[in-house]
Amino acid sequence: MDAAAQNEGQEPVVDRPIAAFAAFEGSEEIAEARDMARDFLTSVQAEHGLPVSARAMGMVQLVVSELVTNARKYAPGPCLLDLEINEGAVQISVWDSSTTLPSVQATNPDRLGQHGLEIVMAVSQTFCVHREPVGKRITASVVLADDPGGDAAGHRAL
């Protein structure tokens, strides 16, 4: 069979989304989720030639760590992590089985702990929570490259 026949019905490589996904079931796998995010962004740079700033590399790992930690801490069963490149940003999506939506507490520098979602929202360009037929999905996006003018990527000042 020739190459054209073998690839019939498949999307051309350039049209396929740049994405990765995994399921995590234990709290010990939170480090694996961070490693997955780092490896994914490293391949985005090496294989696809997209710029990924050092800041973006760190922020994506932080967001993944916070979202997967929350999913493992507050929801029974596994959580699913999806990473996808979309319009110059990495979209980080974590699904878990809990129907309870997260609550972001008011900023309080004296509070010990429970700052994870505050941090995620501060470093992400977008943040949203969606109920699913089973559970919920939290999605955040982090810009891959910092502004050439020197401003850190993330929320834009209005």
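# A tour from the sheet to its helices

Start with the cysteines. A search of the whole structure finds zero disulfides (a disulfide is a pair of cysteine sulfur atoms within 2.5 Å). This is a predicted model, in which local features need pLDDT of at least 70 and side-chain atom pairs count only at pLDDT 80 or more, while totals for chains, interfaces and linings use all residues. Residues are numbered from 1 along each chain as its sequence is written, and side-chain values use heavy atoms, with hydrogens and water left out.

Select Cys79. Cys79 is buried, with a relative accessible area of 0%. Now pick Cys128, which is partly exposed at 29%. The cut-offs: buried is under 20% relative accessible area, exposed is over 50%, and partly exposed lies in between (1.4 Å probe, protein chains only).

**The sheet**

Switch to cartoon view. Five strands form an open sheet in the order β1-β2-β3-β5-β4, with antiparallel pairing. β1 and β4 stand at the edges with a single partner strand each, so one side of each has no neighbour in the sheet. Neighbouring strands are turned by 15° against each other on average, direction ignored. Strands (E, at least two residues) and helices (H or I, at least four) are DSSP runs, numbered from the N terminus. Two strands pair if DSSP finds at least two bridges between them.

**Strand β5**

Select residues 136-143, which make up β5. Is this strand enclosed or open? Eight of its eight residues are buried, so β5 is largely enclosed by the rest of the structure. In a regular strand the side chains alternate between the two faces of the sheet. Here Lys136, Ile138, Ala140 and Val142 point one way, and Arg137, Thr139, Ser141 and Val143 the other.

Ser93 stands opposite Thr139. Cys128 returns here: its bridge partner in β5 is Thr139. His130 stands opposite Arg137.

Follow the chain from β4 into β5. The two form a hairpin with four residues between them. Gly135 in the turn has a positive phi of about 80°.

**Loop stop: Glu87**

Go to the loop between β2 and β3 and select Glu87. Most residues other than glycine have a negative phi. The phi of Glu87 is near 50°, a positive value. Glu87 counts as exposed, at 80% relative accessibility.

**Helix α3**

Select residues 54-74. Helix α3 has 21 residues and reaches 30 Å from first C-alpha to last, close to the 30 Å expected (1.5 Å times one less than the number of residues). α3 lies across β1, β2, β3 and β5, running at about 10° to β3. Its buried residues include Met57, Val60, Val64, Leu67 and Ala71. What covers the buried residues of α3 includes β1, α2, β2, β3, α4 and β5. Contact means heavy atoms within 4.5 Å.

Last, show α2, residues 30-48. The axes of α2 and α3 come within 9 Å and cross at roughly 150°. The contact includes Ile30, Ala37 and Leu41 of α2, and Met57, Val64 and Val68 of α3. Axes are lines fitted to C-alpha atoms, for helices over the stretch in contact, and angles run from 0 to 180 degrees between N-to-C directions.
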